[in-house]
Amino acid sequence: MRRTIAPSLLSADFGRLADEVRAATRAGADWLHVDVMDGHFVPNITIGPPIVDAIRKASTLPLDVHLMITDPQRYLAAFVGAGASWVSVHHEACAVPREAVAEIRALGAHASVALNPETPVAAAADVLPEIDMLLLMSVHPGFGGQAFIPTTLAKIAEAARLRATTNARFLIEVDGGITAENVERVAAAGADVIVAGTAVFGADDYASAINALRGPTDGSPR
Ligand code: DX5
Ligand code: ZN
């Protein structure tokens, strides 16, 4: 399957956000990854629904909204209403992750559960048959530009194994510290969706950066 590349707008220039969104779209991004942080679940604060709405108006690409917030269920309708096509809630932040997943789907978006680096894949075993995507964090959530945590590779492989043995259908997304140098290992372990902030928005040429993340052998059709 063709790799999905989702540049993370966290590393974009927020003062020129609509231009950055259009530039990433023109450069061949498949999705746009939007990092929402509340200063509680993670130490950083970023954006809310009005900015998601502004991003949606600047691009027709699917918006992949990663909620790093406490009590995400309170805000699902606001983010889907603002234009989120995919919504990730953190397993660690939900009282009952299955309920959040059901609500995202009922709102008409694709549902994803995210796991912090220290949360084992097994913690989400009961919800795997019901999700559209599993987001594996390969850095501690909160900031762009951190180094990839290598133990994530085994978690990706475990998720891919579980998916195959249970006939589940979720995509595997990996987020944090991905570069042109380590992306082949991430994809070989079983990742379908690659999030990259610094590796795209820190580059002079977004199109070459996205192509480098797609890899040399990734020519299969969408
Ligand atoms: C971290 C965010 C990531 C981050 C990735 O909390 O979830 O999406 O923006 O940025 P890089 O690719 O720079 O690690
Ligand atoms: Zn993210």
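Residue M68 lies in strand β3, where helices (H or I, at least four residues) and strands (E, at least two) are DSSP runs numbered from the N terminus. M68 is buried, with a relative accessible area of 2%; here buried means under 20% relative accessible area, exposed means over 50%, and partly exposed is in between, with a 1.4 Å probe and protein chains only. Leaving aside neighbours within four places in sequence, M68 is in contact with D35, V36, M37, D38, F41, V42, H90, P141 and G142, contact meaning heavy atoms within 4.5 Å. Although M68 and A114 are 46 residues apart along the chain, their C-alpha atoms are separated by 9.0 Å.

This is a predicted model, in which local features need pLDDT of at least 70 and side-chain atom pairs count only at pLDDT 80 or more, while totals for chains, interfaces and linings use all residues. Residues are numbered from 1 along each chain as its sequence is written, chains are lettered from A and ligands numbered from 1 in the order in which they are written, and side-chain values use heavy atoms, with hydrogens and water left out.

**The sheet**

Eight strands form an open sheet with parallel pairing, in the order β1-β8-β7-β6-β5-β4-β3-β2; two strands pair if DSSP finds at least two bridges between them. Because β1 (4-7) and β2 stand at the edges with a single partner strand each, one side of each is left without a neighbour in the sheet. Neighbouring strands of this sheet are turned by 25° against each other on average, direction ignored, with axes being lines fitted to C-alpha atoms, for helices over the stretch in contact, and angles running from 0 to 180 degrees between N-to-C directions.

| Strand pair | Bridges | Residues opposite each other |
|---|---|---|
| β5 and β6, parallel | four bridges | V113 and L134 |
| β6 and β7, parallel | five bridges | L134 and I172 |

Helix α5 (residues 152-166) lies across β5, β6 and β7 (171-175), and runs at about 170° to β7.

**Two residues with positive phi**

Most residues other than glycine have a negative phi. D71, in the loop between β3 and α3 (76-82), has a positive phi near 55° without being a glycine, and D71 is partly exposed, with a relative accessible area of 37%. N167, whose place is in the loop between α5 and β7, likewise has a positive phi, of about 60°, although N167 is not a glycine. Is N167 buried or exposed? N167 is exposed, with a relative accessible area of 67%.

**Pockets and a cavity**

Rolling a probe the size of a water molecule over the atoms shows where empty space is left. On a 1 Å grid over the protein atoms alone, a cavity is a set of points where a 1.4 Å probe fits but cannot get out, and a pocket is an open set with protein on both sides within 12 Å along at least five of seven lines, while lining residues have an atom within 4 Å of a point. Grid points are joined across faces, edges and corners, and a volume is the space filled by probe spheres set on the points.

The largest pocket has a volume of about 300 Å³, and of the 26 residues that line this pocket, the closest to its centre are F143, G144, G145, G176 and G177. The elements that give two or more residues to this lining are β2 (32-37), β3 (63-68), β8 (193-196) and α7 (198-201). The lining of the largest pocket divides into 11 nonpolar, 13 polar and two charged residues, where Ala, Val, Leu, Ile, Met, Phe, Trp, Tyr, Cys and Pro count as nonpolar, Asp, Glu, Lys and Arg as charged, and the others, Gly among them, as polar.

The second largest pocket holds about 180 Å³ of space, and of its 13 lining residues the closest to its centre are V36, M37, D38, I69 and Y75.

A search of the whole structure finds one cavity of 30 Å³ or more. The largest cavity has a volume of about 40 Å³, and its lining is made up of L9, L10, F14, L17, V34, D35, I47 and I55.
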